[in-house]
Amino acid sequence: MIILGIETSCDETSAAVVRDGREILANIVSSQIELHRPYGGVVPELASRQHLALIDSVVTEALQTAGVSWAEVDAVAATYGPGLASSLLIGLNAAKGMALAIGKPFRPVNHMEAHLYSPLLGATGEDLLPMVSLIVSGGHTMLVHATAIGRHRILGQTVDDAAGEAFDKVAKLLGLGYPGGPAVDRLAQRGNPGAIAFPRSMRDEASFNFSFSGLKTSVMYWLRKNPTSEPADVCASFQEAVVDVLVGKTVRAATECGVRTISAAGGVSVNRRLRERLAAQCDRRGWRLLLADASLCTDNAGMIAALAFHQSNPERSASLAVDVAPSAGLVIHS
Ligand code: KG4
Ligand code: ZN
């Protein structure tokens, strides 16, 4: 079964063609980073206009790259939420229109659920599930226990900022530009992670919730008091504080759930130090670590088309009535 997927929840215009939920025939991502860079963050109005301008050509490129004709597409899927309302509208309505035009079903997909299962793409081996998954992106930070595709429950999530948001804000404080995560990751490689003792909020609490806004404020006060401190040390020490909490809670969650597979997904899961520390923990315990290729961690339509394969077709009228849901959470099925 061939699914055309579309993702426009934030600032990436993406279309992908995926066969049977696993084989990625094309995954085109047109990034708007340069458009938003002067503003230091995503400007919703600009993002939606850009999605509108690009959506047709990105879809055409995906089909051409995949070598697939419209007649061979079995269903069209798109993100309905969470995300920016005006951005989601473009992809969702384009996908509905395309599904109607070719007379094939439309499948709405939850963006967080797509992130959750993205590490299964490209993973080999039997019995990949159950797993405990750490979803860390610009808008979300959560720990999820998944027992089968589509069967999952949230163990905990951030009570304030997302991990990616903290990376972006610290990068801004240091004048590293936008987006901040990759810049902090790069600079941290040259710094000393033990140089500054930033707080590890909620690390030792029994809950699986997170909090990153205090850490961001600590970095701000540190920089005010120590304006000449080495930026690489600030980055490495900040990153270590985030990673300590993320890894500590993920390992404890897997232990409590009795699972031996851990995965990480979302933009922040590309972070080198996070990957290294998760790998070390899994090696020590003989656990399996599922990490998707970087291109599948940040926002992309490949993960949308892949997850849509595992969803059944809703009634045509019901699927076309699905509206964007900017603050949709992860839909829980346990
Ligand atoms: O999943 P994603 O592409 O978009 C959302 O759904 O939010 O995540 C984007 C976030 C941004 O905050 C970005 O700074 C962060 O992921 N990010 C990173 C790295 N690469 C991207 N954070 C830390 N280290 C990285 N290497
Ligand atoms: Zn995302």
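Which polar backbone atom is 2.8 Å from an oxygen atom of ligand 1? It belongs to Gly138. Notes follow, point by point.

1. Basis. This is a predicted model, in which local features need pLDDT of at least 70, side-chain atom pairs count only at pLDDT 80 or more, and totals for chains, interfaces and linings use all residues. Residues are numbered from 1 along each chain as its sequence is written, chains are lettered from A and ligands numbered from 1 in the order in which they are written, and side-chain values use heavy atoms, with hydrogens and water left out.

2. Ligand 1. It is surrounded by 18 residues, counted when a heavy atom lies within 4 Å. Gly138, Asp168, Gly181, Asp185 and Gly267 are the closest. The side chain of Asp168 places an N or O atom 2.7 Å from an oxygen atom of the ligand. On its own, ligand 1 has 550 Å² of accessible area, and the protein covers 87% of that (Shrake-Rupley method, 1.4 Å probe).

3. Zinc site. His111 (NE2), His115 (NE2) and Asp299 (OD) coordinate the zinc ion (ligand 2) at 2.1 to 2.2 Å. Donors are N, O and S atoms within 2.8 Å of the metal (3.2 Å for Na, K and Ca); water is not among the atoms, so sites may look incomplete. The spacing along the chain is H-x3-H-x183-D. His115 lies in helix 4 (residues 111-117) and Asp299 in the loop between helix 10 (294-297) and helix 11 (302-308), so the pair ties together parts 184 residues apart in sequence. Helices (H or I, at least four residues) and strands (E, at least two) are DSSP runs, numbered from the N terminus.

4. His115 and Asp299 are both buried. Buried means under 20% relative accessible area, exposed over 50%, partly exposed in between (1.4 Å probe, protein chains only).

5. Ser269. This residue sits in the loop between strand 9 (261-265) and helix 9 (272-285). Ser269 counts as buried because its relative accessibility is 1%. Its side chain reaches the backbone oxygen of Gly266 at 2.6 Å. Beyond neighbours within four places in sequence, Ser269 is in contact (heavy atoms within 4.5 Å) with Val136, Ala264, Leu274, Arg275 and Cys297.

6. Leu215. Helix 7 (residues 213-225) holds Leu215. At 2% relative accessibility, Leu215 is buried. Setting aside neighbours within four places in sequence, its contacts include Phe198, Pro199 and Phe238.

Key:
A polar contact is a pair of N or O atoms within 3.5 Å; within protein, one must be able to donate a hydrogen and the other to accept it, and residues adjacent in sequence count only if both atoms are side-chain atoms.
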